[in-house]
Amino acid sequence: MSAVGLYVPGAGFLYRVPAGAKLLALLLVGVGLVVWGGPRVAVGALAAALAVYPLAGLPLGRAWSALRALSPFLLAIGLFQVLFADWQTALRLCAQLAALVLFANLVTLTTRVRAMLDLFERMARPLRHVGANPDRVALVLALTVRSIPMAASAWQAAREAYRARGLSGRPHLLVVPVIVQLLRMADATGEALVARGIDEDTHR
């Protein structure tokens, strides 16, 4: 099972924190890393993200698996920055991205989808005044959040199949399997929505 995914039942302290507070904290961490994020701050945030997993009652292996799924992107970003900037910039950007992904993963792992959907619906209620449907807006936002672990899972599955076939040195071969897997996930999500009458409600 991929470590980047939906809610995992548990009893850690993060499970008792409301969804809105967790998303606000994630936003503040992101802004803080961008505004004040030197290399030391970025590395410190990454270390803090790793430390929160066991404190929240989640195995540290989930954090490592999330980082493994992210590693190709981190490698590409780091290499580009070393070649065209400097190693300090590479370290800062990679640590910032890894920390934010780990913190975001913590939010999804410790927050029920229903709680996230209710939060988005409350946030979208003012849009009624301009003719928008808060339920539809909440659904779109929830599906967006869900698409992040879906994409990570598709990438990890394609990479494992790539390695199982003994392939190496041709990472471009991963592109098509990832796209196919994402299309299958999208079809399954669409069928589930139709089965629940979402599509019918949309056209009323």
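On one side of helix H1, Leu27, Leu28, Val35 and Trp36 are exposed. Exposed means over 50% relative accessible area, buried means under 20%, and partly exposed is in between (1.4 Å probe, protein chains only). Helices are DSSP runs (H or I, at least four residues), and strands are runs of E with at least two; both are numbered from the N terminus. The model is predicted: local features need pLDDT of at least 70, side-chain atom pairs count only at pLDDT 80 or more, and totals for chains, interfaces and linings use all residues. Residues are numbered from 1 along each chain as its sequence is written, and side-chain values use heavy atoms, with hydrogens and water left out.

The buried residues of H1 are Ala19, Lys22, Gly30, Gly32 and Leu33. Seen down the helix axis, they fall within an arc of 165°, so they line one face of H1. That arc is taken from the directions from the helix axis to the C-beta atoms. These buried residues pack against H2, H4 and helix H5 (113-124). Contact here means heavy atoms within 4.5 Å.

H1 covers residues 19-36, 18 residues in total. From first C-alpha to last, H1 reaches 25 Å, close to the 26 Å expected at 1.5 Å a residue. The expected span is 1.5 Å times one less than the number of residues.

## Transmembrane annotation

UniProt, in an unreviewed entry, places the feature "transmembrane region" at residues 13-34 and 41-60. Its positions are given in the numbering used here, feature names are shortened, and annotations may be inferred rather than shown by experiment.

Residues 13-34 are 73% helix and 0% strand, with end C-alpha atoms 27 Å apart. Residues 41-60 are 80% helix and 0% strand, and their end C-alpha atoms lie 21 Å apart.

## The nonpolar core

The largest nonpolar core has 23 residues. Such a core is a set of buried Ala, Val, Leu, Ile, Met, Phe, Trp, Tyr and Cys residues joined through side-chain atoms within 4.5 Å. Tyr53, Leu58, Leu102, Phe103 and Leu106 have the most contacts inside it. Helix H2 (39-55), H3 and helix H4 (87-110) each give two or more residues. H4 gives the most, with 7.

Take Phe103. Leaving aside residues up to four places away in sequence, Phe103 touches Leu26, Val29, Ala45, Ala48, Ala49 and Val52.

## One aromatic pair

The whole structure holds 1 aromatic pair. Phe80 and Phe84 form it, tilted, at 4.8 Å centre to centre with 40° between the planes. Rings of Phe, Tyr and Trp (its six-membered ring) pair if their centres lie within 6.5 Å; planes under 30 degrees apart count as stacked, over 60 as edge-to-face and the rest as tilted.

Phe80 and Phe84 are 4 residues apart in helix H3 (residues 60-84), so about one helical turn separates them. Phe80 is partly exposed at 47% relative accessibility, and Phe84 is exposed at 63%.
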